[in-house]
Amino acid sequence: MDELNPQANPPPQESLAAEPAASPAPEVPADGGAVDSDAENKAWGVAIAGWLVPGLGHALQKMWGRALVVFFTVGCLVAAGALMRGNLFTARGSDAFDALGYVADLGTGVFYFLARSLERHGADVSHAGGDYGTRFLATAGVLNLLAALHAFEAARGRKA
Amino acid sequence: MKGTGALQLTHIQAFLLFAVVISIAFGFLGRRRPKDRVKYILWSLLLFLVVGIGIGWLMYPFSR
């Protein structure tokens with residue numbers, strides 16, 4: 001009976017990953033869109049969790065190695081950037097570059113607030129160290145967004 | 001490189017820190033098997049170093 005139940009025998013992830021990019025729309029499962037909808041909601045939850053807490057998106061899928069690496073690499077970049085007194089952008093930016101920097105910094109999730117607490121004396125980009133710190137903070141955010149996207153795709157069974 | 005922060009790194013130290021951390025993250029996110037990860041991390045690190053130092057030397061004539 002298990003052979004007839006699509007939930008008991010889900011297709012392997014490799015077959016999904018090997019699917020050509022130019023293939024037609026994915027097939028609708030036999031039990032309707034309920035399973036797809038649940039999986040989609042779960043994937044979005046994983047992505048948001050991964051954004052808020054670096055590595056949590058992978059940890060929820062028991063990808064422990066990736067979770068630890070994402071947590072420590074993003075944390076390392078945030079700590080280094082803040083201790084080098086990099087510019088941590090706020091929502092009160094004056095131009096588009098400030099807004100983009102704010103989006104990038106927000107990508108670190110809760111680590112954004114960690115960076116704010118580490119920068120007790122504010123930013124100092126009058127030296128090269130502060131300028132490098134700004135890049136470290138922005139890179140940490142973008143890297144975490146990339147990791148959250150990776151966790152999202154893994155939760156959808158597209159890539160792991 | 002002088003700085004006023006609690007962490008003061010030279011240019012090359014900041015460059016190496018950035019390259020190592022990003023390479024490790026790319027290796028773990030991009031590859032699944034440990035051997036592939038190590039190869040990817042080393043390859044990515046090498047490219048970071050070669051491209052970074054190369055661009056630095058390319059800019060050298062315009063620095064003065």
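Author: Helices here are DSSP runs of H or I with at least four residues, numbered from the N terminus. By that rule, A:Arg85 is placed in the loop between helix 4 and helix 5 of chain A. The model is predicted, and the predictor assigns the complex an ipTM of 0.87 and a pTM of 0.79.

The part examined here is chain A. Its secondary structure comprises seven helices and zero strands, so that along the sequence the pattern reads α-α-α-α-α-α-α. Of the 160 residues in chain A, 39% are buried. Among the contacts in chain A with a separation of 6 or more, 72% join residues 24 or more positions apart.

One packing pair consists of helix 4 (64-83) and helix 6 (residues 111-118) of chain A. Helix 4 contributes A:Val74, A:Gly75, A:Val78, A:Ala79, A:Gly81, A:Ala82 and A:Leu83, which meet A:Phe111, A:Leu114, A:Ala115 and A:Leu118 of helix 6. By class, this contact holds nine nonpolar and two polar residues, with no charged ones.

A second pair is formed by helix 5 (residues 96-106) and helix 7 (residues 128-155) of chain A, whose axes come within 6 Å and cross at roughly 60°. Helix 5 and helix 7 of chain A are therefore oblique to each other, and helix 5 passes helix 7 in a left-handed crossing. On the side of helix 5, the residues involved are A:Gly101, A:Ala104, A:Asp105 and A:Leu106; on the side of helix 7, they are A:Leu137, A:Ala138, A:Gly141 and A:Val142. This contact divides into five nonpolar, two polar and one charged residues.

A:Arg85, in the loop between helix 4 and helix 5 of chain A, has a positive phi of about 65° although it is not a glycine. Is A:Arg85 buried or exposed? A residue counts as buried if 20 or more other C-beta atoms lie within 10 Å of its own; A:Arg85 has 29 such atoms and is therefore buried. A:Lys62, in the loop between helix 3 (56-59) and helix 4 of chain A, likewise has a positive phi, near 60°, in a residue other than glycine. A:Lys62, however, has 7 C-beta neighbours inside 10 Å and so counts as exposed.

A:Ala43 belongs to helix 2 (residues 34-52) of chain A and counts as buried, because it has 20 C-beta neighbours inside 10 Å. Although A:Ala43 and A:Glu153 stand 110 residues apart in sequence, their C-alpha atoms are 7.5 Å apart in space. When residues up to four places away in sequence are left out, A:Ala43 touches A:Phe152, A:Ala155 and A:Arg156.

The average pLDDT of chain B is 91, and 92% of its residues score at least 70.

Notes
Residues numbered from 1 in each chain as written. Chains lettered and ligands numbered in written order. Predicted model: local features only at pLDDT ≥ 70, side-chain atom pairs only at ≥ 80, totals over all residues. pLDDT = per-residue confidence, 0-100. Axes fitted to C-alpha atoms, helices over the stretch in contact; angles between N-to-C directions. Helix = DSSP H or I, 4+ residues; strand = E, 2+ residues; numbered from the N terminus. Parallel < 35°, antiparallel > 145°, perpendicular 65-115°, else oblique. Left-handed = near helix turned anticlockwise from the far one by under 90°. Contact = placed C-beta atoms within 7 Å. Nonpolar A, V, L, I, M, F, W, Y, C, P; charged D, E, K, R; others polar. Buried ≥ 20, exposed ≤ 12 C-beta atoms within 10 Å, placed from the backbone.
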